[in-house]
Amino acid sequence: MCGIIGYIGDRQAQSRLLKGLARLEYRGYDSCGIAVVTGGVEVYKDTVRVEALGKASPRFKGTMGIGHTRWATHGAPSQVNAHPHLDCTGNIAVVHNGVINNYQELRNQLTSEGHNFTSETDTEVIPHLIEKYYDGNLMGALQAALSDIEGSYAIIVLMTDEPKLVVAKKDSPLIIGLGDRENYIASDVPAILDYTDRVIYLEDGDIGVVTRNDIRIERDGIEVDREEHKVLWTVEEAQKAGYEHFFLKEIHEQPKVIRNTLGDYTRDAELVVDLAGIRDTGIESMLMIACGTSFHAALVGKYIMEELLKIPVRVEIASEFNYYSHTLVKNIALAIIQSGETADTLKAMKRLREAGCQVIAITNVVGSTASRIASQTIYTRAGPEISVAATKTFMAQLMVLYWLVMSYSKADARRLTSLLMELRQLPSKVQQVLDNETEIIEYAKYLSKYEDVFFIGRGINYPIALEGALKLKEISYIHAEGYAAGELKHGPFALLGSNTPVIAIVARDNTYEAMLTNIKEIKARGSPLIALAEEGNEAIEELADSIITVPRVDTIFSPVVNIVALQLLAYYTAKERGCPIDFPRNLAKSVTVE
Ligand code: F6R
């Protein structure tokens, strides 16, 4: 989704804006632009990558500016629709992330008052409203403009002759990075990590003035204090470190991510949230809400919880949960949301909170909106995830779920002790899968020639079939579907044949025999079959056309090793097809619109 950067200080703004925009690329965008105050306001924007924008744009000399990466919502990706947007005088420039619901009405009104619009965007009403209300006080003009606006926004405004950036936030993320005689504003932390690790997270309803040396934040006209946080992520973590793509780097970081995430919780028992104070009373049921990959983590969580906690668990896609009527749970829910900013999940969290439910967020981003809505927050320790498609944050979510469930489990002590021992060995098991990369590359070359692929799994590996298919489709553009293995015969069998390979995730649990039967049925219909199975499985070696082996683990941990193999398979397939792996078309890292 859109990314925002602002700079005010002693140094040349342009290079800092471009660097910030490059660090925001991972959010997904189709055009970008900058505005720098040089005397007047100079704007350069286009439907190009940030690097190309930097090369093509004139050198603007000025120490205050704003920049934007746009992910089109209102109006096609085009130079004219790219941000920043200006008012009629060309003295006021605005970048905006969010959606203005009543923009058409405002635009009609402003047009009738003589304002000329050049773009199709909702954003353009903002500079015109500010122009209309400006009477020497930029913050006051923005405040007046916001009272006309219905919708969501993170906004930075600059104006010639006013040595300040004015900011406002509602339902879209915005942070301020604190420097030495300079300050930054951004959509999120990676944009400013090169320059500072001190940040303030703005809250909904905040409006503020940022100058070189000072920050003033107000809410309803009254000055408010916003706590300063130290960011634990490093700039190195947000770089490729010699890997060709972030996606591959992030897959390879997973042993460390497991250690870091578990380390935090296993070191200090106090850090395990006492879920809404119910350790004594126990949990009777659980609701989990999430989207996309996080939804798949929640589905794995359901299996773990039902097995080890023996409670009924309901898992809901947040965007569905928000729109149908049902009995809202009143006790406890988990929201899994790596970015902390997904609009659908945030909306579901708010609904649940309003209904009196305790909502525990599992997120990777400190200070994110989710952490402020939640009753309690559990942080995953994945570090910054730059690739649009999630890998290591999924792994970290699984680790939190395992640890949480095990710390509440009623399973017998021997089983728990053995699970705990296996949990600690997971980094080395994942490393073994990574060491098998060369073998997976061969399968990827083979898979890259097909246009349709099915992934099947059963039980705790059914969500892994869904996630494996999602990874393949989003980065390689191959049509891939994840299915519960037993469901193929209820319809999808019609699509099987020599052009439709099937990847079968085989677990050594009570689903094993049924999966062998499914594999035979698929083979009988002529589909090439790749099995993903633990080493030393002779029955599968005989049945499948090929086999990707993973190390042996307790079935409850099989999603961990299986997903790493499928992530690598997706990566090398996409690479073989020459896809832009880190930034797939039309996708955004942080989905801040419904
Ligand atoms: C897919 C992917 C997305 C996200 C989804 C939810 O690789 O990354 O499906 O999982 O947009 O994101 P969060 O967890 O931030 O709510």
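Which residues does Thr160 touch, not counting residues up to four places away in sequence? In this predicted model, Thr160 touches Val37, Gly39, Gly40, Val41 and Asn91, where contact means heavy atoms within 4.5 Å.

The model is predicted, and local features need pLDDT of at least 70, while side-chain atom pairs count only at pLDDT 80 or more and totals for chains, interfaces and linings use all residues. Residues are numbered from 1 along each chain as its sequence is written, and side-chain values use heavy atoms, with hydrogens and water left out.

## Single residues and their surroundings

Thr160 sits in the loop between β7 (153-159) and β8 (162-170); strands such as these (E, at least two residues) and helices (H or I, at least four residues) are DSSP runs, numbered from the N terminus. Thr160 has a relative accessible area of 8% and is therefore buried, given that buried means under 20% relative accessible area, exposed over 50%, and partly exposed in between, with a 1.4 Å probe and protein chains only. The side chain of Thr160 also makes a polar contact with the side chain of Asn91, at 3.0 Å. A polar contact is a pair of N or O atoms within 3.5 Å; within protein, one must be able to donate a hydrogen and the other to accept it, and residues adjacent in sequence count only if both atoms are side-chain atoms.

Lys249 belongs to helix α6 (residues 246-252), and with a relative accessible area of 4% Lys249 is buried. Leaving aside neighbours within four places in sequence, Lys249 is in contact with Glu236, Glu237, Ala238, Gln239, Lys240, Ala241 and Tyr243. The C-alpha atoms of Lys249 and Ile440 are separated by 16 Å, and these residues are 191 residues apart along the chain.

Ile360 is part of strand β19 (residues 358-363), and at 0% relative accessibility Ile360 counts as buried. Between the C-alpha atoms of Ile360 and Ala370, which are 10 residues apart along the chain, the separation is 9.3 Å.

## Helices that pack together

Two packed helices are described by the angle between their axes and the distance between the axes. Axes are lines fitted to C-alpha atoms, for helices over the stretch in contact, and angles run from 0 to 180 degrees between N-to-C directions.

| Helix pair | Angle between axes | Axis distance |
|---|---|---|
| α8 (residues 292-308) and α15 (residues 462-476) | roughly 165° | within 8 Å |
| α8 and α12 (residues 392-408) | about 20° | 9 Å |
| α4 (residues 125-133) and α5 (residues 138-148) | about 120° | 8 Å |

Angles under 35 degrees count as roughly parallel, over 145 as roughly antiparallel, 65 to 115 as roughly perpendicular and the rest as oblique. The axes of α8 and α12 pack at an angle of about 20°, which makes α8 roughly parallel to α12, and the crossing of these two helices is right-handed. A crossing is left-handed if the near helix is turned anticlockwise from the far one by less than a right angle, and right-handed if clockwise. Among the residues that make the contact are Thr293, His296 and Val300 of α8, together with Phe394, Leu398 and Tyr402 of α12. The residues of this contact divide into 11 nonpolar, 5 polar and no charged, where Ala, Val, Leu, Ile, Met, Phe, Trp, Tyr, Cys and Pro count as nonpolar, Asp, Glu, Lys and Arg as charged, and the others, Gly among them, as polar.

With α15, by contrast, α8 is roughly antiparallel, and α8 passes α15 in a left-handed crossing. Here Gly292, Thr293, His296, Leu299, Val300 and Tyr303 in α8 meet Tyr462, Pro463, Ile464, Leu466, Glu467, Leu470 and Lys471 in α15. By class, the contact has 8 nonpolar, 3 polar and 2 charged residues.

Helices α4 and α5 are oblique to each other, and α4 passes α5 in a right-handed crossing. Leu129, Ile130 and Tyr133 in α4 meet Leu138, Ala141, Leu142, Ala144, Ala145 and Asp148 in α5, and these residues divide into 8 nonpolar, no polar and 1 charged.

## Backbone details

Most residues other than glycine have a negative phi, and most peptide bonds are trans. Tyr477, in the loop between α15 and β22 (479-484), has a positive phi of about 65° although Tyr477 is not a glycine, and with a relative accessible area of 22% Tyr477 is partly exposed. The peptide bond from His83 to Pro84 is cis, with omega near 0°, and Pro84 is found in the loop between β4 (64-70) and β5 (85-86).
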